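Me: Could you take a close look at one part of this model, and then follow the description through to how the chains meet? Please give the cut-offs behind each term as you go.

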There are 2 protein chains.
Amino acid sequence: AVEGPAGTDDPEALTIAELEGVPFSGIRYTGERWALADVELLPPILPSKVVGVGRNYAAHASELGNEVPSAPLLFLKPPTSIIGPGAPIRLPIDSKQVEHEAELAIVIGGRGARQVSREDALKSIFGYTCANDVTARDQQRSDVQFTRAKGYDSFCPLGPWIETDFDYADAGVQALVNDVVKQDGRTKDMIFDVPTLVSYVSHVMTLLPGDVILTGTPAGVGPIVAGDAVSVRIEGLGTLTNPVANRA
Amino acid sequence: AVEGPAGTDDPEALTIAELEGVPFSGIRYTGERWALADVELLPPILPSKVVGVGRNYAAHASELGNEVPSAPLLFLKPPTSIIGPGAPIRLPIDSKQVEHEAELAIVIGGRGARQVSREDALKSIFGYTCANDVTARDQQRSDVQFTRAKGYDSFCPLGPWIETDFDYADAGVQALVNDVVKQDGRTKDMIFDVPTLVSYVSHVMTLLPGDVILTGTPAGVGPIVAGDAVSVRIEGLGTLTNPVANRA
């Protein structure tokens, strides 16, 4: 658990409290504590699946020339695409246009979710984190299926931690490239809100503890190139920053 | 391990030999043995991901009105879609057209596969099994993305076992509905062959031990309805049979 003065995400002000075991059925502390600056954060969860939702903000659907869908448009990112804060996003050699997509990520809790109603959906959520749904835009266009374009190793940065005390209804979602704001949306503009997404996905595929749903990206997606630093910042949650590098 | 007279897949003639531990780094027997008819077979592998390949037989691409792709067309099925032999395929209430797709499935071995060449690809394969890439055809058409249509719980039967001694080059791949042959293709007609697929996928996403690649389906796909029994039979490998039922 990461703790500090209310509202801050300044690493200097934050400390890490060590948890005992898996937190899904209640958080227990070991009593150990470190300065955030002294630890390397890994991906906060290694889910069995990452379910993405396309075109969930009207202005983003429009900027790519797409209609707003009448139901959530689902895709999957493989678990091997997940990296943590600070780990490099590796650009594949066969894409000329890799882009950032800042997104709020839902982390499913210990009860999982199978055919849950919209009304019961929040009980299935453990917390929230920041995600960058990195996408090879040229391949997304040419393949039509999103899988390759969104599935490369390192194309799913998650972090910096899971926030269990978060109001999903109206939080700012930003992407910054080299500290310049490129995406600046609010979760209230989602076409399908958080409970609707959990309910919808859970009627297709059972969500297991720790599974992640990416809730779509606001307008302003754009390219990242080797040498950039790209951040996803969500109000009340934290900032996920990753360097961008060419594939080794 | 399942063993019997060469070439048979008659359950009456086959026995099961119990393995010790994980077989990826060499198969060791415990000495225990049972008649196949006395055991319930579970899914032979629970992979971290299932990578599907669309339109890999020209006659099937044509029957759905699609062009043959210039590179393998990838999609993902969630691990929660996997069931074993004999487990029911559950029809979701929001599809009117669920179809069978008989496929040869590749199971990745203990070394995994990351950016492997076509020449080295076979060294990354542990074995092969039968798969049914069950698809809600109406949703596949309306969503464009394949994820929902192919992602329902129970939509990825795998089995009956993993065959480590199998020649992928020219094996018959059949689907039978209530013992009537509906699909009857041969792996030699794949557009992208087994080593090409492993190499291609491994350049996008690292394949972990046990990961599964579905190699595409031959022509003849068609509907399954509650009460049917659907089988995938692959020459030299075995038969995977599942009943079809409405969602509970």
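Predicted model: local features only at pLDDT ≥ 70, side-chain atom pairs only at ≥ 80, totals over all residues.

Reply: Strands count as paired if DSSP finds at least two bridges between them. Strand 8 (residues 98-100) of chain A runs antiparallel to strand 16 of chain A and is joined to it by two bridges; A:His100 has A:Gly222 in strand 16 as its bridge partner.

Residues are numbered from 1 along each chain as its sequence is written, and chains are lettered from A, and ligands numbered from 1, in the order in which they are written. Local features need pLDDT of at least 70 and side-chain atom pairs count only at pLDDT 80 or more, while totals for chains, interfaces and linings use all residues, and side-chain values use heavy atoms, with hydrogens and water left out.

Turning to the interface, 28 residues from chain A and 28 residues from chain B are in contact (heavy atoms within 4.5 Å). The area buried between the two chains is about 2500 Å², with 56% from carbon and sulfur atoms; buried area is the accessible area (1.4 Å probe) lost on putting the two parts together, summed over both. Of the area that chain A buries against chain B, A:Gln145, A:Thr147 and A:Val204 supply 24%, more than any other three residues. Strand 5 (73-77), helix 3 (147-151) and helix 4 (194-204) of chain A each supply at least two residues to the side of chain A that touches chain B, and strand 5 of chain A gives the most, with five.

The two chains are related by symmetry: a rotation of 180° with 0.0 Å of shift along its axis superposes chain A on chain B with RMSD 0.0 Å, by least squares on the C-alpha atoms of residues with pLDDT of at least 70 in both copies. That is the relation of a two-fold axis, and in chain A the C-alpha nearest the axis, 2.8 Å from it, belongs to A:Gln145. Since 100% of the interface residues of chain A are also interface residues in chain B, the copies meet through the same surface.

Technical notes
Helix = DSSP H or I, 4+ residues; strand = E, 2+ residues; numbered from the N terminus.
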